[in-house]
Amino acid sequence: KGGVGATVLAVNTAASLAMNKKSSTAMIDMCFQSGDASALLDIIPENTIIDVCKNMHRLDVSLLRGIMTGHPSGLNFLAAPINPEDSEDISAEHISGILDLSKKLFDHVVIDCTSMYANDCSIEAFSLSDKVFLVTDMSITAVRNTVRLFKLIRKFNVPAERIEIVINRYIKGGPLDLAEVEKNFEKPVYWLVPNDFSDIMSSINRGVPLVKLTPGAPFSKNIQLFVEKIQGLGKEDFRGLKGTFGKFI
């Protein structure tokens, strides 16, 4: 559901990937009605995804790079439409063309999709993604909606093994038990993100990803380890947090 922090996670994951100068990273904002990623990156884009769609007949590396906005982290950012109503002109074919070229051009492509909403564009993004991360918190409503979205994405022939659950703002010992929550998903939770509210709010208000603003913050360290795991560099059984005596949660 909205408000669980998916855009914050997407922005910081993309920035963390981009800060590794050995690889190239792009982020595409497909939250067409809000476009919050621009604010989190402190970017006022001169061009958006709409400009790509209007020029699909001549889409190439030069055009896509020219429309994307560079970020100090090294990230290449493709913004959502400035006017939400313009999103009606974006089709699944547009998304397919943009993602096909982006995957050839960049080592990593991070897409931020709208919460609890699936249309032809987001379905195309799910289908073309190596991993689909569903972000939730430990509230009953968020868990319920995440289960529903998981089942919905599966109906579009996206394999269950490509869909992963990420729990944001996790607090050990909260009212809901992690094991019980996992029973609803019928698969283990992939990653746990700590509740680092004050640092995150400072990052949002300054328009700088926390991984760049304060690399030593608990959230930043967690995201850096998350990036290692999705790249196959981290421990497979580690999910972001340690419990008593250093044991993995």
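The largest pocket of this predicted model holds about 1,100 Å³ of space. Its lining comprises 42 residues. Val 110, Ile 111, Lys 131, Val 132 and Phe 133 lie nearest the centre. Elements giving two or more residues to this lining are helices H1 (6-18), H5 (92-105), H6 (120-128), H7 and H11 (218-230), together with strands E4 (108-113), E5 (132-136) and E7 (191-194). Strand E4 supplies the largest share, six residues. By class, the lining has 28 nonpolar, eight polar and six charged residues.

The second largest pocket contains about 450 Å³ of space. It is lined by 28 residues, with Gly 3, Val 4, Gly 5, Ala 6 and Thr 7 nearest its centre. At least two lining residues come from each of H1, helix H2 (36-40), E4, strand E6 (163-170) and helix H9 (197-206). The largest share, four residues, belongs to H9. Here the division is 13 nonpolar, ten polar and five charged.

Thr 146 sits in helix H7 (residues 140-155). Its relative accessibility is 4%, so Thr 146 counts as buried. Beyond residues up to four places away in sequence, Thr 146 touches Leu 134, Val 135, Thr 136, Ile 165 and Phe 185.

No disulfides were found in the whole structure. The sulfur of Cys 53 has its closest cysteine sulfur in Cys 121, 7.7 Å away, which is too far for a bond. For Cys 113 the closest cysteine sulfur is in Cys 31, at 6.9 Å, again too far. Cys 53 is buried, at 10% relative accessible area. Cys 113 is also buried, at 19%, under the 20% cut-off.

How values were computed: Residues numbered from 1 in each chain as written. Predicted model: local features only at pLDDT ≥ 70, side-chain atom pairs only at ≥ 80, totals over all residues. Heavy atoms only, no water. Disulfide = S-S within 2.5 Å. Buried < 20%, exposed > 50% of the residue type's maximum accessible area, 1.4 Å probe, protein only. Contact = heavy atoms within 4.5 Å. 1 Å grid on protein atoms, 1.4 Å probe; cavity = no way out; pocket = protein on both sides within 12 Å on 5 of 7 lines; lining within 4 Å. Points joined across faces, edges and corners; volume = space filled by probe spheres on them. Nonpolar A, V, L, I, M, F, W, Y, C, P; charged D, E, K, R; others polar.
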